[in-house]
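Reader: Can you walk me through this one? I'd like to take the sheets, then the ligand, then a few single residues.

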Amino acid sequence: MSTDNQELGSELDEILAPAAVADPYGFLDRLRETDPVHWNARYRSWVLTRHEDVGAAMSDPRFSSDRISPVIARERRKERPDLDMVETLELLNGWLVFRDPPEHTRFRRLVHKAFSPRIIAAMRAEVERIADELLDEATAKAGRDGVIDLIEEVAYPLPAIVIASMLGVPSEDRVLFKNWSDDISALVFGAMEDPDRHGRAQSGMAELVGYIGALLDRVRVAPGEDLASALVQARDGEEALTQEELVAICVNLLFGGHETTTNLIANSVLALVQRPDQAALLREDPSLASKAVEELLRYDGPAKAVVRIAAEDVEMGGRTIKAGDRVFLMLAGANHDPEVFDEPGRLDLLRDKGSHLGFGIGVHYCLGATLARLEATIVIPRVLERFPALELADTDLSWNPVILTRGLQRLPVRLTGA
Ligand code: HEM
């Protein structure tokens, strides 16, 4: 483990200090300005904050995504390994996002046959219908004060219903997914301060995997038009997805497509409520939606960081990242790098310079980016259009204290402004 950079004060290690959770951008700016390739002694990881370094590391095969295997190996080496935990981690280990080429290449090619941009584009009318229905229900639910939690009523259910509906999960079963998903999320997105995260993830994962296994068995016998059937049938020459890969990708899609999109919708609505001039631009010209969503992904996107493990020693910014070291690639830092974006702290829906890294880059570039964009470009303009006087109902907002994602616990808004 590298320790050649510990001269900096521990304040810059406190990535989950309340102030850094509330405003990661100020924290990451300080890090980028003072020590862009930083060794974080608290989390025993490197933290990269420059756009150039983050982009380069994501495109560099010397940085591996296979970060679950070392944890499994560590656990197995213990005198009394927690075998339930090992089992959960083995399941996680099969996710596309944790695999390296060449295994990743074959796996992704097959998944892409089923989860293609064409299939996602065909979901437009369904996403519009679901968004309208949720907004109707939210309006009906708002009390006399007109206040709702936008996350609970819209941002949370929308992506869950969309991906579950794509996979062919019957609507009455969808409620099951909320708890499973929350439990697994605590593990995957590194709720470092939550001591019970492994226990909760274990039960959530086991139940979800059992459910998906049964769903796949059903569509094998009686295939439908859904994504689960398409995944079962996906072929590349002679090759098909194995049962383990099928379960892993279904769980990964259900899960990966959920919390991130929820946070994109909620963070975006918050940003627009806080910047009425920008909200007005989108209200006046809904055709701006695609451009606006890219800026919202940059400005306060849901993926704050991704993780890699150095597969060999790598020199970067005058430091040596040693083989085996963990590296946090701070997408939020990259997306606010003034070398790439003018006035990065300003929300500018008309911005046209610079490419954000909100969906990553390279071989692991978000597989669900087209779907997330579709959902966001449909629901965000609708929220603004239906509620012209939308305002924040409580300015005391709590952000989830996790390193990898950026999301609110609740987003109380007043729909009518009454
Ligand atoms: C706004 C919403 C979303 C954001 C910000 C987001 C972000 C990301 C990022 C940054 C990565 C790269 C991870 C890495 O390099 O380690 C990724 C990968 C991935 N995302 Fe998303 N994602 C979103 C929505 C979705 C949706 C809707 C789905 C599917 C339904 C999805 C499925 C995946 C999968 C399967 C991968 C792994 C791809 C691979 O390893 O080849 N994501 N996502």
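Author: One definition to start with: two strands pair if DSSP finds at least two bridges between them. Also keep in mind that this is a predicted model.

Reader: OK. Which residue stands opposite Val 147 in strand 12?
Author: Arg 414 of strand 12 stands opposite Val 147. Strand 4 and strand 12 (residues 412-414) pair in the antiparallel sense, over three bridges.

Reader: What is the order of the strands in that open sheet of three?
Author: The order is 4-12-11, and the pairing is antiparallel. Strand 4 (147-149) and strand 11 (391-392) stand at the edges with a single partner strand each, so one side of each has no neighbour in the sheet.

Reader: And the open sheet of five strands, what order does that have?
Author: The order there is 1-2-10-7-3, with mixed pairing. Its edge strands are strand 1 (37-40) and strand 3 (63-64), each of which pairs on one side only.

Reader: What packs on the sheet?
Author: Helix 3 (residues 51-58) does, touching strand 1, strand 2 (45-48), strand 3, strand 7 and strand 10. The direction of helix 3 makes about 125 degrees with that of strand 10.

Reader: What does mixed pairing come down to here?
Author: In general, strands of a sheet pair through backbone hydrogen bonds, either parallel or antiparallel. In this sheet, strand 2 and strand 10 run parallel and are joined by four bridges. Strand 7 and strand 10 (residues 326-330) pair in the antiparallel sense over five bridges. Strand 3 and strand 7 also run antiparallel, with two bridges between them.

Reader: What else does Arg 326 stand opposite?
Author: Ser 45 stands opposite Arg 326 in strand 10. Ile 309 also has a bridge partner elsewhere, namely Ser 64.

Reader: Is strand 7 buried or exposed?
Author: Six of the six residues of strand 7 are buried, so the strand is largely enclosed by the rest of the structure. Strand 10 has four of its five residues buried, so it too is largely enclosed.

Reader: Which way do the residues of strand 7 point?
Author: Ala 305, Val 307 and Ile 309 point one way, while Val 306, Arg 308 and Ala 310 point the other way. In a regular strand the side chains alternate between the two faces of the sheet.

Reader: New topic, the ligand. Which residues come nearest?
Author: There are 28 residues around the ligand, and His 104, Arg 108, Arg 308, His 364 and Cys 366 come nearest.

Reader: What kinds of residues make up that shell?
Author: The shell divides into 16 nonpolar, 10 polar and two charged residues.

Reader: Which elements supply them?
Author: At least two residues each come from helix 6 (103-114), helix 14 (243-256), helix 15 (259-274), strand 7 (305-310) and helix 19 (369-386).

Reader: What about distances to the ligand's oxygen atoms?
Author: A polar side-chain atom of His 104 is 2.6 Å from an oxygen atom of the ligand. For a polar side-chain atom of Arg 108 the distance to a ligand oxygen is 2.7 Å. At Leu 96 it is a polar backbone atom, 3.5 Å from an oxygen atom of the ligand.

Reader: Back to helices. What covers the buried residues of helix 2?
Author: The cover includes helix 1 (18-22), strand 1, strand 2, helix 17 (289-300), strand 10 and helix 18 (331-334). The buried residues of helix 2 (residues 24-34) are Pro 24, Tyr 25, Gly 26, Phe 27, Leu 28, Leu 31 and Arg 32.

Reader: Last one, Ile 184. Buried or exposed?
Author: Ile 184, which lies in helix 11 (residues 174-188), has 0% relative accessibility and so counts as buried. Not counting residues up to four places away in sequence, Ile 184 touches Trp 95, Ala 201, Gly 204, Met 205, Leu 208 and Phe 255.

Technical notes: Residues are numbered from 1 along each chain as its sequence is written. This is a predicted model: local features need pLDDT of at least 70, side-chain atom pairs count only at pLDDT 80 or more; totals for chains, interfaces and linings use all residues. Side-chain values use heavy atoms; hydrogens and water are left out. A residue is near a molecule or strand if one of its heavy atoms lies within 4 Å of it. A polar contact is a pair of N or O atoms within 3.5 Å; within protein, one must be able to donate a hydrogen and the other to accept it, and residues adjacent in sequence count only if both atoms are side-chain atoms. Ala, Val, Leu, Ile, Met, Phe, Trp, Tyr, Cys and Pro count as nonpolar, Asp, Glu, Lys and Arg as charged, and the others, Gly among them, as polar. Contact means heavy atoms within 4.5 Å. Axes are lines fitted to C-alpha atoms, for helices over the stretch in contact, and angles run from 0 to 180 degrees between N-to-C directions. Buried means under 20% relative accessible area, exposed over 50%, partly exposed in between (1.4 Å probe, protein chains only).
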